[in-house]
Amino acid sequence: MGFGRLAEIAASEAGTARIGLGLAAVGRPAYINLGRDRDLPAERPVEVMRRRSHELLDAAYAAGVRYLDAARSYGRAEEFLADWLRDRPDAARHVVVGSKWGYTYVADWRTDAETHEVKDHGVETFERQRGLTDALLGDRLDLYQIHSVTPESPALTDRELHTRLAALAAEGVTVGVSTSGPRQAEAIRAALAVEVDGRPLFRTVQSTYNLLEPSAGAALAEAHEAGRAVIIKEAVANGRLTEAAAERLPEPLRQVAEETGATPDAVALAAVLHRPWVTVVLSGAATTAQLRSNLAAAGLDLDERRLAGLERLAEPAEDYWRHRSQLPWA
């Protein structure tokens, strides 16, 4: 199933088809989300995280989620996902599978590693990681994205890399980019302009967009208008827009949650889902309870007054990304 099919599902079906499951939080023992000490056991051997991943995948699929998102740098996320797809062939026929290359996981399954991932967007890294992804996911891979492109990334200008990505696209794998950093809009627009033999190369864009960091919104709307699928990551700002933030939860978000009887994370996700240019919003849940809470966003209708109040939470992009860079791996 290609990513175009998921866009059709998301456009034609109500509910959770517009919410995907990202495996960043459960594919490796450490990540930067708030509240991991409560979400996961203190000891996180591979088999514990594999079981947690499969529990989440089972719950997500049963609830109607159809896009599953991994990455080479998410520890063993591709492996866990491949195991799940193998063991559940009926489900495997109905999901769209995406992964990302460009970061190498180097933490050796340690939570206290000094460095957890190393970024490189060169051709050699693409070929090496593509081989590793193929060995695990094979023809189940629908979407392959360059991980965390910024305006200065060589992936935007490397013609040899573009040729190899175009060859992958010719094999039936959708090629996309994900973006990060305070200049996401610039990176998105540069990616939209990349062509090979007169044809657009990147067919999907995955970006950070949330109530605190909406700066990429206009560029993402342009991507949608240009026929690209738009995937939103970090819609709850690595836990800053959830109950894990405790007393630091923004008051307008707390107020809307109380008025609607919803959890803060559901409100934050629903605000993103109200954007007409969004194809899929990712849940980064680490527990099935979090997943259920996230999925409630699909049925939450926010009026213009509430949306306007939530929009006031936006921070300068530079401040947001500075804060994010200081979140501890745990």
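Ser 207 lies in strand 10, one of the strands of a closed barrel of 8 strands with parallel pairing. The structure is a predicted model.

**Ser 207 and its surroundings**

- Ser 207 has a relative accessible area of 0%, and because this is under the 20% cut-off, the residue counts as buried.
- Leaving aside neighbours within four places in sequence, Ser 207 is in contact with Thr 179, Gln 184, Ile 188, Leu 220, Ile 231, Ile 232 and Lys 233.
- Helix 9, formed by residues 217–225, lies across strand 10 (204–208) and strand 11 (229–233).
- The direction of helix 9 is at about 150° to that of strand 11.

**The barrel**

- The strands of the closed barrel follow the order 1-2-3-6-7-10-11-12.
- On average, neighbouring strands of this sheet are turned by 25° against each other, direction ignored.
- Strands of a sheet pair through backbone hydrogen bonds, in either the parallel or the antiparallel sense.
- Strand 1 (residues 19–22) pairs with strand 12 in the parallel sense, over 3 bridges.
- Within this pairing, Ile 19 stands opposite Val 281 of strand 12.
- Strand 3 (residues 96–101) is paired with strand 6 over 4 bridges, again in the parallel sense.
- Trp 101 has Ile 146 of strand 6 as its bridge partner.
- Strand 6 is also joined to strand 7 by 5 bridges, and these two strands run parallel.
- Leu 143 stands opposite Thr 174, a residue of strand 7.

**Enclosed elements**

- Strand 6 is largely enclosed by the rest of the structure, because 7 of its 7 residues are buried.
- In helix 12, the buried residues are Leu 291, Ser 293, Asn 294 and Leu 295.
- The elements that cover the buried residues of helix 12 include strand 1, helix 3 (46–62), helix 11 and strand 12.

**The largest pocket**

- The largest pocket has a volume of about 1000 Å³.
- Its lining comprises 50 residues, and those nearest its centre are Tyr 31, Ile 32, Asn 33, Glu 234 and Asn 238.
- By class, the lining of the largest pocket divides into 19 nonpolar, 19 polar and 12 charged residues.
- Elements that each supply at least two residues of this lining include strand 5 (117–119), strand 6 (143–149) and strand 12 (280–283).
- Helix 2 (36–39), helix 11 (264–273), helix 12 (288–295) and helix 14 (317–325) likewise each supply at least two residues of the lining of the largest pocket.
- Helix 12 gives the largest share of the lining of the largest pocket, with 4 residues.

**The second largest pocket**

- The second largest pocket has a volume of about 330 Å³.
- Of the 13 residues that line the second largest pocket, Ala 166, Ala 169, Ala 170, Arg 199 and Pro 200 are the closest to its centre.
- Helix 7 (159–170), strand 7 (174–179) and strand 9 (199–200) each contribute at least two residues to the lining of the second largest pocket.
- Helix 7 gives the most to the lining of the second largest pocket, with 3 residues.
- The lining of the second largest pocket has 8 nonpolar, 2 polar and 3 charged residues.

Notes. Residues are numbered from 1 along each chain as its sequence is written. This is a predicted model: local features need pLDDT of at least 70, side-chain atom pairs count only at pLDDT 80 or more; totals for chains, interfaces and linings use all residues. Side-chain values use heavy atoms; hydrogens and water are left out. On a 1 Å grid over the protein atoms alone, a cavity is a set of points where a 1.4 Å probe fits but cannot get out, and a pocket is an open set with protein on both sides within 12 Å along at least five of seven lines; lining residues have an atom within 4 Å of a point. Grid points are joined across faces, edges and corners, and a volume is the space filled by probe spheres set on the points. Ala, Val, Leu, Ile, Met, Phe, Trp, Tyr, Cys and Pro count as nonpolar, Asp, Glu, Lys and Arg as charged, and the others, Gly among them, as polar. Two strands pair if DSSP finds at least two bridges between them. Axes are lines fitted to C-alpha atoms, for helices over the stretch in contact, and angles run from 0 to 180 degrees between N-to-C directions. Contact means heavy atoms within 4.5 Å. Buried means under 20% relative accessible area, exposed over 50%, partly exposed in between (1.4 Å probe, protein chains only).
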